Amino acid sequence: MTELEEKRERVILVAVSLNDPDETERSLSELKDLADTAGAFVAATVIQARESVHPGTYIGKGKIEEVKQMLCLYEADSIICDDELSPAQLGNLQEALGCKVCDRTLLILDIFAARAHTREGKIQVELAQLRYRSSRLVGLRSSLSRLGGGIGTRGPGEKKLEMDRRVIGERISVLKKELEEVKKHREVQRAGRLKNPVRTAAIVGYTNAGKSTLLNLLTGAAVDSQDALFVTLDPTTRAYPLTKGGEVLLTDTVGFIRKLPHHLIDAFRSTLEEAVYADMIIHVVDSSNPQMEEQMKIVYETLDMLGVKDKPVLTLFNKIDKRTDTEPLLDERADRVMKVSAKTGEGFEDFPDIINGLIYGGRLYIERVYPYDQGGKVALIRNKGQLISEEYTAEGISVKAYIPLDIYGAVEA
Ligand SMILES: Nc1nc2c(ncn2[C@@H]2O[C@H](COP(=O)(O)OP(=O)(O)OP(=O)(O)O)[C@@H](O)[C@H]2O)c(=O)[nH]1
Ligand SMILES: [Mg+2]
């Protein structure tokens, strides 16, 4: 955290509102939280309503003049735009304003850079930063050298701002190779889990929803939890005992946010994909947040984009202790919903049973030896169920698997 608090840069936030002024307000208020998290002081905010974003300068000419005056008036050092700027917009805007220009992506990358602790996290952030920067070299260089630091300059790539495109390209391929190695390790771990009939659940949700608090409550883990955005980047996995025996491995990971930069998604894919390989999803929602509905929508959009589908979803409407609204809490994408407080522990009475039901629900664990002429049944299990192990023995094919109930009749030996 020290890295974030070193400098209190004065910034003006700038947004373009296309058709939904409320949505712009919400996005901007989140940008303010992001700026706070990055240690900046928000001196003022500006919204321009437009038909479309100005292709050359993001905001229009008149607004640029206004922002210019505000920079003086509020003694601000820089502006942060609420969308990802194109290389041209970035260059032109800072030319016109004569100050450092950042965008939402750079801000998020900055926070990630300060939060990354593990080797994997650091590689992922640097990759995302380099990819973002490589197309904006000219603009960024003059922008960042103007103030020589602050937002947009943190992270592993800090010293390398002056790199040219070729050097960046080389660095990217080195990092990609390193990431491959780390990923292999993760896959080995995953394969190990698949061999044993251990179930996994991924804890997902909007940033600051209470995912880490939940993991800590359920498993006594000591994951850092704070009232700030993107506190967790690196996945933590802990075992949670199931009532019917066995255990489920719960993984807490990086939170989602609207307009999550695509470079980050690409770089963090292996981390985000924890949800793709999990047996079920635990979706943590901050039910005290007025933007709850929208945050849920963004979580599901992100899951869809990652290719997470056909998995049981348990939605936890968290922070129920803080909720003042009395509207009913609904989630049509969820198989089950619960109202809980991960902070006080309230509402978790049925949690063990519900988790059990969702993990094993509708599925049966079988151990069978099929004669070799019944290979078709093994193929059916492979297709429809989850084959845990398969051994070719003298008696036949020895199989351990979870199968959906509806194929039980068809695979009985
Ligand atoms: N009142 C209340 N606060 C909660 C509850 N659960 C979590 N919090 C608080 O919400 C803040 C965020 O909690 P975290 O567990 O760090 O949230 P997260 O989802 O892991 O957030 P990131 O890792 O930053 O994405 C912390 O200040 C928690 O103490 C709850 O049930 N009630
Ligand atoms: Mg967390």
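This is a predicted model: local features need pLDDT of at least 70, side-chain atom pairs count only at pLDDT 80 or more; totals for chains, interfaces and linings use all residues.

Reader: Which protein donors does the magnesium ion (ligand 2) have?

Author: Its protein donors are S212, through OG, and T232, through OG1, at 1.9 to 2.1 Å from the ion. The two come from distant parts of the chain, 20 residues apart. S212 belongs to helix α9 (residues 211-219), while T232 is in the loop between α9 and β6 (236-241). With a relative accessible area of 11%, T232 is buried.

Reader: Now for sheets. In what order do the strands β11, β12 and β13 lie?

Author: First the general idea: strands of a sheet pair through backbone hydrogen bonds, either parallel or antiparallel. Here, three strands make an open sheet in the order β11-β13-β12, with antiparallel pairing. Because β11 (363-370) and β12 (386-392) each have a single partner strand, they stand at the edges, and one side of each lacks a neighbour in the sheet. On average, neighbouring strands of this sheet are turned by 15 degrees against each other, direction ignored.

Reader: How many bridges join β12 and β13?

Author: Six bridges, in the antiparallel sense, pair β12 with β13 (residues 397-404). As an example to look up, S389 has K400 in β13 as its bridge partner.

Reader: Which strands does helix α15 touch?

Author: Helix α15 (residues 375-384) packs on the sheet and touches β11, β12 and β13. The direction of α15 makes about 40 degrees with that of β13.

Key. Residues are numbered from 1 along each chain as its sequence is written. Chains are lettered from A and ligands numbered from 1 in the order in which they are written. Side-chain values use heavy atoms; hydrogens and water are left out. Two strands pair if DSSP finds at least two bridges between them. Helices (H or I, at least four residues) and strands (E, at least two) are DSSP runs, numbered from the N terminus. Axes are lines fitted to C-alpha atoms, for helices over the stretch in contact, and angles run from 0 to 180 degrees between N-to-C directions. Contact means heavy atoms within 4.5 Å. Donors are N, O and S atoms within 2.8 Å of the metal (3.2 Å for Na, K and Ca); water is not among the atoms, so sites may look incomplete. Buried means under 20% relative accessible area, exposed over 50%, partly exposed in between (1.4 Å probe, protein chains only).
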